[in-house]
Amino acid sequence: MTEAVRHLSDRELVEYQRNGYLTLPQLLPPEDFEALRDCFEQKLAALPRTARPEDMDVPHFTDPRLFRWLFHRSVLDIVERIVGPNIALFSAHFFCKPAGDGKKVPWHEDAYYWRETIIPSSDAITVWLALDPSTTENGCMRVIPGSHAVRERRYRDHHDDRSVFDEALDPAEYDSWSSLGCSGWSWQDMLPYFKRMESFASGDPVKRGKTGPINVTQLRKFDKLGDAYLDASREAGFELVDDYNDGHYEGASYLQYSTTPRGFRCSSAVGYLRPARGRSNLEIWTDTLVTRVLLDGKRAIGVECRRDGRTVRAMSRKEVIVSAGPIQSAKILELSGIGQPAVLKPFGIAVAHELPGVGENMSDHPNCRLTFECSKPITINDVLQRPMSKLKEGLRFILFGKGLLSICSATAHIVMRSGPGQNQPDLKLQLQPFSGKDRYARRPQDGLDAHSGFTIGIMALRPHSRGYVHLNSADPAVQPRIDPNYLADPRDAATLLAGIRAVRRLVQMPSLKDLVVRETRPGPEVQTEQQIVDYIRLTTATTWHVVGSCKMGSDEMAVVDSELRVRGIDGLRVIDSSVFPTVPSSNTNAPTIALGEKGADIVLKAWNGKAGITAAA
């Protein structure tokens, strides 16, 4: 097989790596997979610089580069100067990002994947965590505020995630945290923070915020496909939910987005950081890599960084707050000597404090999908293959803030239970108005289907499998080793199986049936339970909802307590989604912002003796 790799053309080779090697044989033993991947990397290293993936255009239909097909670049430069770089059309910033030398470079010059660091899943399936095209070579976000600026824009029911408001908040999930030793983190405890962070004009003021920094919009009657999807949902017996973020989220609905009424992204950088930039007590360091937390015995006293080619230290008078996200926060703790001795010692890192839970308990929403050929030319597939349609969509957005450029890659969803024995929803079926050979096929030349098509993604909302993220080197610039361990627990595959069956039933409903020509993936020939499970294992991928690697709780595997303090270390907290003990349903963007709000109250109370926000009665 390695001999076959050596005969691949440069283009074929780049396509394999661009797709995260997802098209390599999926059931290879880990050692064989590593050997095959090494062969790929050796051949890639020999490619001319201009042929390497990081210099190629990474496809993403949810990318504002659609405008490049419509207007001359000079016009775009003028527009960017007027409106600024924080315009987000789908899942990237407008045109450029800051590079390390202060210049601006196109988004697509970044590689798309965490290459060489994610290992094959222990469940005999090879799954890779893909990143947005906004990462530096060490995997840190180049843009403030990180993934919220470049991921999709759905609210609370995130896809990202974490960057969208489509959250579909499940009160029962937060209530379960109390039983995990997270006192003060129930739904009633968290509701005031969700209200404080948002501004949702049409929501119930008892349950939704009206004056917060993150603007939330509701998609309604968006297009024929979305309308048919919701009508079919009703015919299939699902309740149509007007506001799935008011505590009642089971059912079908159009999505909510963290965007302005004109369709621009309202990220946490826009809502929180921009108004605070002028404060005298705020200094922002960019192009800076945190290498470790400085400790004096069992107390954090500062951080060490690499900045402008030299090592600098920032000392703290009160405490250090780590907020690097679920991949990097665990890595920083381990680089600081906090974690498992078995992980630290092989890299020559002295154990300053043994804490076995660091990097463990990593969780994500596993995601697979079905694709369908559509009988009418009403999908993104049709727009991207018709120049006049692209021009029309561009003008719709510029003139009215409407159309495909005002949304993320999904428009509607169903939140449901996989079976009668479930005490809360554990599945989401999500409509995406495009289809292709894989989830990264966003242009015709990269696998977007030539025919009209749409996708229904299937997400397991309450996964049982747990993975890990750990150091891969003592060098802080080296990415960590990640094993998401998807489907290690057979219950997760069973949940996705129920989701596929639910989707197939849904598309037979009268309102949707006439829009379906055929199922294209996996196809009607995949019918038996074993065939469907094999398809699930072959195609399951991340939803970019990674959490839990520094989990909160009171058991021996907890990294922080309910006040977000690292256990056993004074003056050190972790405040990001790595502390979530379980993955919130169904997205992680709004919960992470609400966590920041609550974390700020916790810190202020500790420093100033101020009372935190009062929990709802």
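This is a predicted model: local features need pLDDT of at least 70, side-chain atom pairs count only at pLDDT 80 or more; totals for chains, interfaces and linings use all residues.

**Overall.** I began with burial: 60% of the 617 residues in the protein are buried, where buried means under 20% relative accessible area, exposed over 50% and partly exposed in between, with a 1.4 Å probe and protein chains only. Residues are numbered from 1 along each chain as its sequence is written, and side-chain values use heavy atoms, with hydrogens and water left out.

I then noted an accessible surface of about 24200 Å², with 53% of that belonging to carbon and sulfur atoms; the areas come from the Shrake-Rupley method with a 1.4 Å probe, and for residues only the protein chains shown count as cover. I listed 17 helices and 23 strands, taken as DSSP runs numbered from the N terminus (helices H or I, at least four residues; strands E, at least two).

**Helix α6.** Which residues are buried in α6? I found Pro 171, Glu 173, Tyr 174 and Trp 177 buried in this helix, which spans residues 171–178. They sit on the same side of α6, because they cover an arc of only 165° around the axis, the arc being that of the directions from the helix axis to the C-beta atoms. These buried residues pack against α7 (187–197) and α17, with contact meaning heavy atoms within 4.5 Å.

**α6 with α7.** I looked up the axes next: those of α6 and α7 come within 8 Å and cross at roughly 125°. Axes are lines fitted to C-alpha atoms, for helices over the stretch in contact, and angles run from 0 to 180 degrees between N-to-C directions. The pair is therefore oblique (under 35 degrees is roughly parallel, over 145 roughly antiparallel, 65 to 115 roughly perpendicular, and the rest oblique). Pro 171, Tyr 174 and Asp 175 in α6 meet Trp 187, Met 190 and Phe 194 in α7. I sorted the residues of this contact into 5 nonpolar, no polar and 1 charged, with Ala, Val, Leu, Ile, Met, Phe, Trp, Tyr, Cys and Pro as nonpolar, Asp, Glu, Lys and Arg as charged, and the others, Gly among them, as polar.

**α7 with α17.** The axes of α7 and α17 come within 9 Å and cross at roughly 105°, which makes α7 roughly perpendicular to α17. On the α7 side I see Met 190 and Phe 194, among others, and on the α17 side residues including Leu 595 and Lys 598. The contact divides into 9 nonpolar, no polar and 4 charged residues.

**Ile 575.** I followed the loop between β23 (572–574) and α17 (589–608), where Ile 575 is found. Is Ile 575 buried or exposed? Ile 575 counts as buried because its relative accessibility is 11%. Its contacts, leaving out residues up to four places away in sequence, include Ile 321, Leu 564, Leu 595 and Gly 596. Ile 575 and Gly 596 are 21 residues apart in sequence and 6.6 Å apart in space, C-alpha to C-alpha.

**Val 566.** My last stop was the loop between α16 and β23, the place of Val 566. Val 566 counts as buried at 2% relative accessibility. Among the residues it touches, beyond four places in sequence, are Leu 355, Val 559 and Val 574. Leu 355 lies 211 residues away from Val 566 in sequence and 9.2 Å away in space, C-alpha to C-alpha.
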